[in-house]
Amino acid sequence: MVKIVQNYTTKNDGYKYNGVLDPKGIMIHSTATPGVMAADFRDRFDMPGLKKSVHAFVDDAVCIQCLPWNKKAGHCLLSGNDTHLGIEMCEPKEWQTDKIYFDKVYANTMDVSVYLCELFALTEKNILSHAEGYKLGIASNHADVGHWFPLFDTDMDDFREDVRAALSAKKETVKGLQRALNASYDTKLAVDGIIGTKTTAAVTAHHLYYKSKMMKNEYVKWVQSRLVSKGHDCGETGIDGIYGKNTKTAVVVFQKENNLLQDGIVGIKTVSVLVK
């Protein structure tokens, strides 16, 4: 999951004066300014008198969130500003040929889109490009991202399908979590693939941690399987359902990599990253 850094453009008129947004979709743009990355673009937008504003800039390393998600932006001139979140993909200097960069910014933008879909109960069908917004009459006449994606043998239909697949995979992962909690603690969770209040409460009530009488159940096995899927070694016994020293070590390393408290305790913050 790409790191989302909140650094609001508080001097921008879009932050100061724009109204509340109830997002109904996501509009994907690209900056058409080769070589200017997310942090620099954020700074360019942090000034008064600028009619343009966006929710986030994404490059190959980070997503800079410039406005609260529930505030209207000025990213497409027309009525799409009243309904859609505006996400700008930053283009590299060699934007026509740099496939390594393209693959990274594409993946990061997909991550942000998946996150926003989950946050606002959207699906891949609610995502469109600036060019598609123009065809629908809700955005100004721009070609992005249609000038860029085809150079790397992809298009918005591919992007939407990748978001759909990621949403589906995450839902199945959460279902596995819910089944494991039910089997281990009889939590009677609905296996719906949604981390709602009840699933959050169940995770919070059943922290996993290392102790002399080691925890052993299906929930531990689920945590181990997620750690292994992310490249972490749980020891010679592998996914055995026992929260031993090796599993604790794997959890601590995972927490460190994801800027979490490195306490070896599997709570809701650690689980929220494990399901991604």
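**Figure 1. R42 and D46 join side chains in a salt bridge, with 3.1 Å from N to O.** A salt bridge here is a Lys or Arg side-chain nitrogen within 4 Å of a carboxyl oxygen of Asp or Glu. This is a predicted model, where local features need pLDDT of at least 70, side-chain atom pairs count only at pLDDT 80 or more, and totals for chains, interfaces and linings use all residues. Residues are numbered from 1 along each chain as its sequence is written, and side-chain values use heavy atoms, leaving out hydrogens and water. R42 also meets D43 in a salt bridge, at 2.9 Å from N to O. (Buried means under 20% relative accessible area, exposed over 50%, and partly exposed in between, using a 1.4 Å probe and protein chains only.)

**Figure 2. R160 and E132 meet in a salt bridge, at 2.9 Å from N to O.** R160 sits in helix α5 and E132 in helix α4 (residues 130–135), so this pair ties together parts that are 28 residues apart in sequence. Helices (H or I, at least four residues) and strands (E, at least two) are DSSP runs, numbered from the N terminus. R160 is buried, with 14% relative accessibility, whereas E132 is partly exposed at 24%. By the salt-bridge rule, the count comes to 12.

**Figure 3. The largest nonpolar core has 41 residues.** A nonpolar core is a set of buried Ala, Val, Leu, Ile, Met, Phe, Trp, Tyr and Cys residues, joined through side-chain atoms within 4.5 Å. Which members touch the most other members? They are I26, I28, I87, F149 and F159. Elements that each supply at least two residues include β2 (25–30), β5 (84–89), α3 (99–119) and α5 (156–185). Helix α3 gives the most, with nine residues. In soluble globular proteins, nonpolar side chains tend to be buried together.

**Figure 4. Here's a closer look at F149 and what it touches.** Leaving out residues up to four places away in sequence, F149 touches M89, F102, Y106, T154, D155, M156 and F159. Contact means heavy atoms within 4.5 Å. There's also a second, separate core of 25 residues, including L208, F254, V273 and V275.

**Figure 5. T31 is in the loop between β2 and α2.** T31 counts as buried, at 13% relative accessibility. Its side chain has a polar atom 3.5 Å from the backbone nitrogen of E91. Not counting residues up to four places away in sequence, T31 touches F41, F57, E88, M89, C90 and E91.

**Figure 6. M1, Y115 and L119 make a nonpolar patch on the surface.** Together they have about 270 Å² of accessible area, computed by the Shrake-Rupley method with a 1.4 Å probe; for residues, only the protein chains shown count as cover. Patches are made of residues with over 30% relative accessible area and no salt bridge; like charges are joined within 9 Å, and nonpolar side chains (Val, Leu, Ile, Met, Phe, Trp, Tyr) within 5 Å. Y115 belongs to helix α3.

Notes: Polar contact = N/O pair within 3.5 Å; in protein donor to acceptor, adjacent residues only side chain to side chain.
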